[in-house]
Amino acid sequence: MHGEYKVPGGKLVVVDFEVAEGAISGFRLAGDFFLEPDTAIDDINAAIEGMSANADAASYAAAVKQSLPADAVLLGFSAEGVAVAIRRALSAATSWHDYDWQIVHHKAVSPAMHLALDEVLATEVGDGVRGPLLRIWEWDESAVVIGSFQSLKNEVDPEGAAAHGYEVVRRISGGGAMMMEKGAIITYSLYVPAALVGGMSFADSYAFLDAWVLQALQSLGIEASYQPLNDITSPKGKIGGAAQKRLGNGGVLHHVTMSYDMDGDVMTQVLRIGREKISDKGIASAAKRVDPLRSQTGLSREEIIERMKATFAGLYGATPGELTEAEYAAAEELVASKFGTEAWLQRVP
């Protein structure tokens, strides 16, 4: 069995082994990481040898840590990274380069249509109807998008939303409310097979799926990094946040919204941002919760998106794609039956 795991912001971890009578045999660790002393790699190999193939990632990580000498130095990887690589090998996980990727950057549609397209495309990828893709959103109006499990009345001020022209919709993924001002945010979705994140926890998969966008932002001079569980941030403040939904058919939806030029004052009038939430993030003012990409790059929203698309294509060989009329039609049906209904919006009052 063979498993690979590129540590977000770090190095590649590779493991090879066999499974004999339910136990790991012939375990070998490799990669482009740094490890001192040299002999520590033998200690790691010996620690995993003979362990149950049914153990969880925490058990493998603990075994690696216990095997290391007191003066060991791990650079570019960790015991947890080794554990993820093992679990990916056992789950027959795939890599980015196992797929033919497409990038879809289509016409502006309504907020409800975007959420319906997310479900349609994630389902198609899970069913094997189409290959994985990156979709860049364009908005025809502003919206507040609340998480699947959020209370509508606790998150949104209806009078403020109406006054500033924000439609309120609910997505299928969890996480917090996002204020989507038309022309002021950058949103994208990834639709991938579950095998791409096989062997990873939700926390691991968030950073793994967004590693490419960090590289794109860094190429623009932004010191972007990932802050668990789901925030993209920089020394100047939060840039955006991610949410994820894993479907029963094996499709995974991962979407991210980043602020380009957010109006913090309007945000406080549209969203009910509690003092506890602000203080928990060490933020003195709600208006400073999101640091716009515009102030950090001086570039237009379109220029930043083009750099993102070029980075993704360069890393994974993605080509331009289009949505079909059948996919738009399926999404329109979902808007009528689900995402555009009061029942769905009020599912958590």
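Two strands are taken to pair if DSSP finds at least two bridges between them, and helices (H or I, at least four residues) and strands (E, at least two) are DSSP runs, numbered from the N terminus. The structure is a predicted model, in which local features need pLDDT of at least 70 and side-chain atom pairs count only at pLDDT 80 or more, whereas totals for chains, interfaces and linings use all residues. Residues are numbered from 1 along each chain as its sequence is written, and side-chain values use heavy atoms, with hydrogens and water left out.

**View 1. The antiparallel sheet E1-E2-E3.** This open sheet has 3 strands in the order E1-E2-E3, with antiparallel pairing. E1 and strand E3 (23-31) stand at the edges with a single partner strand each, so one side of each is left without a neighbour in the sheet. Neighbouring strands are turned by 20° against each other on average, direction ignored; axes are lines fitted to C-alpha atoms, for helices over the stretch in contact, and angles run from 0 to 180 degrees between N-to-C directions. E1 and strand E2 (residues 12-20) run antiparallel and are joined by 5 bridges; Tyr5 has Val13 in E2 as its bridge partner. Helix H3 (residues 79-90) packs on the sheet and touches E1, E2 and E3, its direction making about 50° with that of E2. Contact means heavy atoms within 4.5 Å.

**View 2. The mixed sheet E9-E8-E10.** An open sheet of 3 strands is ordered E9-E8-E10 and has mixed pairing. Its edges are strand E9 (167-170) and strand E10 (178-180), each with a single partner strand, so one side of each is left without a neighbour in the sheet. From one strand to the next, the twist averages 25°. Strand E8 (residues 143-146) pairs with E10 in the antiparallel sense over 3 bridges, and Ala143 stands opposite Met180 in E10. Helix H4 (residues 111-127) packs on this sheet, where H4 touches E8 and E9; the direction of H4 makes about 15° with that of E9.

View 3. The chain is assigned domain 1 (2-91) and domain 2 (102-346), with bounds that come from an automatic or database domain assignment. The C-alpha centres of domain 1 and domain 2 lie 33 Å apart, and 7 residues of domain 1 are in contact with 9 residues of domain 2. The second largest pocket has a volume of about 460 Å³. Of its 19 lining residues, Lys6, Trp96, Phe208, Ala211 and Tyr316 are the closest to its centre. A pocket is an open set of points on a 1 Å grid over the protein atoms alone where a 1.4 Å probe fits, with protein on both sides within 12 Å along at least five of seven lines; lining residues have an atom within 4 Å of a point. Grid points are joined across faces, edges and corners, and a volume is the space filled by probe spheres set on the points. Domain 1 and domain 2 each give at least three residues to the lining of this pocket. H8 supplies the largest share, 5 residues.

View 4. The peptide bond from Glu36 to Pro37 is cis, with omega near -5°; Pro37 lies in the loop between strand E4 (34-36) and helix H1 (40-48). A cis peptide bond also leads from Pro228 to Leu229, with omega near 5°, and Leu229 is placed in the loop between strand E12 (225-227) and strand E13 (231-234). Glu21, in the loop between E2 and E3, has a positive phi of about 55° although it is not a glycine.
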